[in-house]
Amino acid sequence: MGRRALLAAAALAVLALVGPVLPAYPLTLLTQALIVGILAMSLDLLLGYSGMPSLGHAAYFGVGAYAVAIMTTERQVGLIGCLVVGILLATLTAAVFGLLAIRAAGTYFLMITLALGMVVWGLAFRWVSLTKGDNGISGVPRPTLLGLELITAVPFFYFCLVSAAVAWVLMGLLVVSPFGLGLRGIRGSESRMQALGYNVWLHKYVAFVLSGAFAGFAGTLWAYYNGFVSPNDVQLVTSVETLLMVALGGPGTLIGSMLGAGLIVFLKNFVSVYTKRWLLILGGVYIGVILFAPTGIVGALRGRRR
Amino acid sequence: MRTEFWIAQAFNGISYGALLFLLASGLSLIFGVMRIVNLAHGSYFMLGGYVGLSVALYTKSYTLALLAGAVAIGLVGIGMERLFLRRLRGEVLGQVLMTIGFALIFQDLALLIWGGDPYTVPIPKMLSGTVRFGGAAFPIYRIFIVAVAFVVGLALWLALDRTRAGAMIRAAVDDAEMAGGVGINVPRVSLAVFALGAALAALGGVIGGGFLGVYPGADFEVLPYAFVVVIVGGLGSLPGAVAGSLLVGLLDNFGKALFPELSYFTLFAPMAIILAIRPTGLFGRV
């Protein structure tokens, strides 16, 4: 644990130092990677630590993002208010969806979370009076925090860096807590944990809701980052891309999901510069990861060390 | 006027349900036998539509378009199952990611080959126009869809219930390991079911292309519908697919007509209620 914390602190320091000297475009991508990384880590909480592969994670992300977009453009609500309400609404959505999804396991869980995710997409797409439908909501202003304006790229990058670090520490503490160990036990064998007297359902449910809360947090940051929220942020492809980031980085490692997110964000943006065939390449990445690196980057590194 | 609205909407819902049945019955069978969540199933629908479109434009034959779409996409399914998915038996997440990878590749290839414009598969004169019945007008093409779904459903039921191959499939759905134990070649059954499912989805794509059109994004648009049908009806169940398709078709149509802003909600909320009461769907076993 000590070594890992040191490594993480070093990585943070490097990012913090590099931030101001980077050109604008890579800095934007780095900011984007941090935000999407929070989303990927929140999914890892479910997939890697609890064995629940959610296919609808964009829903909570989207709820957070739409909450910010609507509150800032219609009511001029400040950063703290937006964060609290955005995360609360995402948590609430996860609390409702969790009641339905946790009843199922394995493939059923995948299908149900997919369909529930589509409910949110459907609302974003069709509830035009609230969400402006397909046009999306544009003009989300960058926030102000305690008098500090986070409008330009560098302050906003620091804001996201701190947010990602806080999210990572909180989730890291969660997975090493007795509760987190219980989750890992459930991932290993649900019936064994049941026999040992653990409340399996409650463990899974709480993990599901907390994961939704962190996804919602990422969503609120996304709305500020992008300045624009549309049904695309909630669609199935977003959920699925998050799943790929976790699988690519290595499920059950948290920081691996962050790496996976960074890799996909940079790959996506650099490839799109050279070719329009980004989807073709992304599809190839999916298949390649499954065939050649089933344990992800971090998993492969650990395997080598042994 | 009022009753005409209800009759017309109900008929539209049933005919849309018939189309969904073509798409979802295969997905349900594939799931039943192989436990694969196939996210490329919507792609078969879209690709089938595109292949059908090209064949229909080239040969001027609607029948050939139906056949070519189903056969071509059935072969695509065979390739996917035999070369890729079979390596990942039992790995739920790996299979899902792989089918997503294929779905993205198919989407981009379709865009590359057929471009981004929407098309409509040309339908024969015989199937266009409407018939009037008791003061309401019914499009002949939609009656045709219901008839095709009925024939396909009947054929599937007879095949599953009355033939040796059907008995093998049912055995594999119930317990693949035991089926293998009594000498059934489960990998071959899986391959056949996968190909059949892909071909049915493609058939649905060609037929759907006649009134919904074929366009980029159709794949991920129909996919959730197919999933809801399968979830509501119960995985691996043919009667479930029939009931689920009709329910989803009707809910979708009335939802769009009565509450346009909440139309997806009116589709998914009943699904949630059914799941809360019966987690395995209406006809599903554990």
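I count a residue as buried if 20 or more other C-beta atoms lie within 10 Å of its own, with C-beta atoms placed from the backbone. The model I examined is predicted.

**Entry: A:L254**

I located A:L254 in the loop between α11 (236-249) and α12 (255-274) of chain A. I then looked up its backbone: A:L254 has a positive phi of about 55°, although it is not a glycine.

**Entry: B:R35**

I looked for a positive phi in chain B and noted B:R35, a residue other than glycine, with phi near 55°. B:R35 sits in the loop between α1 (2-34) and α2 (41-59) of chain B. I found 18 C-beta neighbours inside 10 Å, so B:R35 counts as partly exposed.

**Entry: A:T93**

I placed A:T93 in helix α4 (residues 79-101) of chain A. A:T93 is buried, as 23 other C-beta atoms lie within 10 Å. Leaving out residues up to four places away in sequence, I recorded A:A59, A:Y60, A:V63 and A:G212 as residues that A:T93 touches. I also checked A:T93 against A:G216: the two are 123 residues apart in sequence, and their C-alpha atoms are 9.6 Å apart in space.

**Entry: contact between the chains**

I looked up how many residues each chain gives to the contact, and found 33 from chain B and 35 from chain A. On the side of chain B that touches chain A, α4 (92-114), α9 (218-233) and α11 (263-277) of chain B each supply at least two residues. The largest share of that side, 13 residues, comes from α4(B). By class, I recorded 26 nonpolar, four polar and three charged residues on the side of chain B that touches chain A.

**Entry: α9(B)**

I followed α9(B) along its 16 residues; from first C-alpha to last it reaches 23 Å, close to the 22 Å expected at 1.5 Å a residue. I noted that 15 of the 16 residues of α9(B) are buried, so the helix is largely enclosed by the rest of the structure. Just after α9(B), B:G234 takes a positive phi of about 110°.

**Entry: hairpin in chain B**

I traced strand β1 (residues 130-133) and strand β2 (residues 136-139) of chain B, which run antiparallel and are joined by four bridges. Within this pairing, B:F138 in β2(B) is the bridge partner of B:V131. The two strands form a hairpin with two residues between them, and B:G134 in the turn has a positive phi of about 60°.

Definitions and conventions:
Residues are numbered from 1 along each chain as its sequence is written. Chains are lettered from A and ligands numbered from 1 in the order in which they are written. This is a predicted model: local features need pLDDT of at least 70, side-chain atom pairs count only at pLDDT 80 or more; totals for chains, interfaces and linings use all residues. Two strands pair if DSSP finds at least two bridges between them. Two residues are in contact if their C-beta atoms, placed from the backbone, lie within 7 Å. Ala, Val, Leu, Ile, Met, Phe, Trp, Tyr, Cys and Pro count as nonpolar, Asp, Glu, Lys and Arg as charged, and the others, Gly among them, as polar. The expected span of a helix is 1.5 Å times one less than its number of residues. A residue is buried if 20 or more other C-beta atoms lie within 10 Å of its own, exposed if 12 or fewer, and partly exposed in between; C-beta atoms are placed from the backbone.
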